[in-house]
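Dear colleague,

Please find the structure below, handed over for your own work. The findings follow directly after it.

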Amino acid sequence: MPRYLIERDFGLVGEEDMQEVAARSKATGIEHFPDIEWEHSHVCSDEKGAIKSFCVYGAPSADRVREHADRVGGHAVINVYEIVGDITPEEVTL
């Protein structure tokens with residue numbers, strides 16, 4: 001199954017808000033999108049304190065990931081990137 005990295009912008013929100021969105025995202029996936037899998041997310045803050053996340057999903061298509069995000073709401077999807085490979089430092093030869 002293809003994998004995607006979703007860049008999201010939540011703006012200036014608190015930890016409780018992020019927990020609410022995460023719970024809504026998980027429930028939405030279970031109830032309405034059994035064909036996608038949330039692998040993990042990196043939650044970051046920019047220099048102004050705005051919250052962004054970079055989430056990895058397995059899904060049949062980028063459109064399906066966007067449908068899930070639209071249903072969850074509470075954030076803007078900046079971009080959806082298809083992951084074409086992974087690499088770790090151990091795999092790099094010098």
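I begin with the contact between the two helices. On the α1 side, V21, R24, S25, T28, G29 and H32 meet R64, H68, R71 and V72 of α2, where contact means heavy atoms within 4.5 Å. By class, the contact of α1 with α2 has two nonpolar, five polar and three charged residues; Ala, Val, Leu, Ile, Met, Phe, Trp, Tyr, Cys and Pro count as nonpolar, Asp, Glu, Lys and Arg as charged, and the others, Gly among them, as polar.

Please note that this is a predicted model, in which local features need pLDDT of at least 70 and side-chain atom pairs count only at pLDDT 80 or more, while totals for chains, interfaces and linings use all residues. Residues are numbered from 1 along each chain as its sequence is written, and side-chain values use heavy atoms, with hydrogens and water left out.

The axes of helix α1 (residues 15–32) and helix α2 (residues 62–72) come within 9 Å and cross at roughly 125°. Axes here are lines fitted to C-alpha atoms, for helices over the stretch in contact, and angles run from 0 to 180 degrees between N-to-C directions. The two helices are therefore oblique to each other (under 35 degrees counts as roughly parallel, over 145 as roughly antiparallel, 65 to 115 as roughly perpendicular and the rest as oblique).

Of the 94 residues, 29% count as buried (buried means under 20% relative accessible area, exposed over 50%, partly exposed in between, with a 1.4 Å probe and protein chains only). Among contacts with a separation of 6 or more, 71% come from residues 24 or more positions apart.

Helix α1 also holds M18, which is buried at a relative accessible area of 16%. Leaving aside neighbours within four places in sequence, M18 is in contact with F10, V13, V43 and I51.

S53 lies in strand β3 and counts as buried, at 3% relative accessibility.

The structure holds one aromatic pair. W38 and Y57 are stacked, at 6.5 Å centre to centre and 15° between the planes; rings of Phe, Tyr and Trp (its six-membered ring) pair if their centres lie within 6.5 Å, and planes under 30 degrees apart count as stacked, over 60 as edge-to-face and the rest as tilted. The pair links distant parts of the chain, with W38 in strand β2 (residues 37–45) and Y57 in strand β3 (residues 51–58), 19 residues apart. W38 is partly exposed, at 36%, and Y57 is buried, at 3%.

Finally, D86 lies in the segment after β4 (76–83) and is exposed, with a relative accessible area of 59%. D86 touches R3 and E91, not counting residues up to four places away in sequence.

With kind regards

Notes:
Helix = DSSP H or I, 4+ residues; strand = E, 2+ residues; numbered from the N terminus.
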